[in-house]
Amino acid sequence: KMFPKLYNMTGTITYPSSTETGYADKVIEWMKLKDKRRGYAKFMTQLFVRELVSEQTVGECMTHVSADLTSMAKQEKSEHTEENTTQYVDFLFETAKILPPTAKNLRVLMTDFIRSVLEIPKTELSSLNMRSRFKLEDAIKCVQ
């Protein structure tokens, strides 16, 4: 139930210009939001590892993120779409780092999804920057 609230991408904050008034405060807000979303991925996966949430729940979040990531990455590049794409990639990466070897279904789900994204030509994924692409490759290494 927390996922839609934390990953409401209309509220994503992008990195501010250094010339903006309140620059330092805006950077702090940007980092807080990124940390909350990254922390949610870690928290959800840790709950799964401790058998407090089901594999189905984690799988549903991963499926939701996967669909949104693909959709967002295909949108015309802007600061907003690139930031959202990066945060979806962070969710997958943080989850991949923690998934136990026994979570074979989730590992296969993640591997298949990431491979399908990486097979799409770069020209079609204008909002997926190279940093995020490399992070997706690293996520595959974590779950294999």
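Mentor: First, a term: helices (H or I, at least four residues) and strands (E, at least two) are DSSP runs, numbered from the N terminus. This is a predicted model, in which local features need pLDDT of at least 70, side-chain atom pairs count only at pLDDT 80 or more, and totals for chains, interfaces and linings use all residues. Residues are numbered from 1 along each chain as its sequence is written, and side-chain values use heavy atoms, with hydrogens and water left out.
Trainee: Where does Glu20 lie?
Mentor: Glu20 belongs to the loop between helix H1 (3–6) and H2. Its relative accessible area is 32%, so Glu20 is partly exposed; buried means under 20%, exposed over 50%, and partly exposed in between (1.4 Å probe, protein chains only).
Trainee: What separates the C-alpha atoms of Glu20 and Phe113?
Mentor: A distance of 38 Å, with the two residues 93 residues apart along the chain.
Trainee: Moving on to H2, what should its 27 residues span?
Mentor: They should span 39 Å at 1.5 Å a residue, and the end C-alpha atoms are 39 Å apart, which agrees. The expected span is 1.5 Å times one less than the number of residues.
Trainee: Is Thr45 buried or exposed?
Mentor: Thr45, which lies in helix H2 (residues 23–49), is buried, with a relative accessible area of 0%. Other buried residues of H2 include Trp30, Arg37 and Phe48.
Trainee: Which residues does Thr45 touch?
Mentor: Leaving aside residues up to four places away in sequence, Thr45 touches Thr95, Ile98 and Leu99. Contact means heavy atoms within 4.5 Å.
Trainee: And which residues of H3 are buried?
Mentor: Val58, Gly59, Cys61, Met62, Val65, Ser66, Leu69, Met72 and Ala73. Seen down the axis of H3, these buried residues fall within an arc of 160°, so they line one face of the helix. The arc is that of the directions from the helix axis to the C-beta atoms.
Trainee: At what angle do the axes of H5 and H6 cross?
Mentor: The axes of helix H5 (residues 104–119) and helix H6 (residues 130–143) cross at roughly 150° and come within 10 Å. Axes are lines fitted to C-alpha atoms, for helices over the stretch in contact, and angles run from 0 to 180 degrees between N-to-C directions. H5 and H6 are therefore roughly antiparallel to each other, a term for angles over 145 degrees.
Trainee: Which residues make that contact?
Mentor: Among them are Met110, Ile114 and Leu118 of H5, and Leu136, Ile140 and Val143 of H6.

How values were computed
Parallel < 35°, antiparallel > 145°, perpendicular 65-115°, else oblique.
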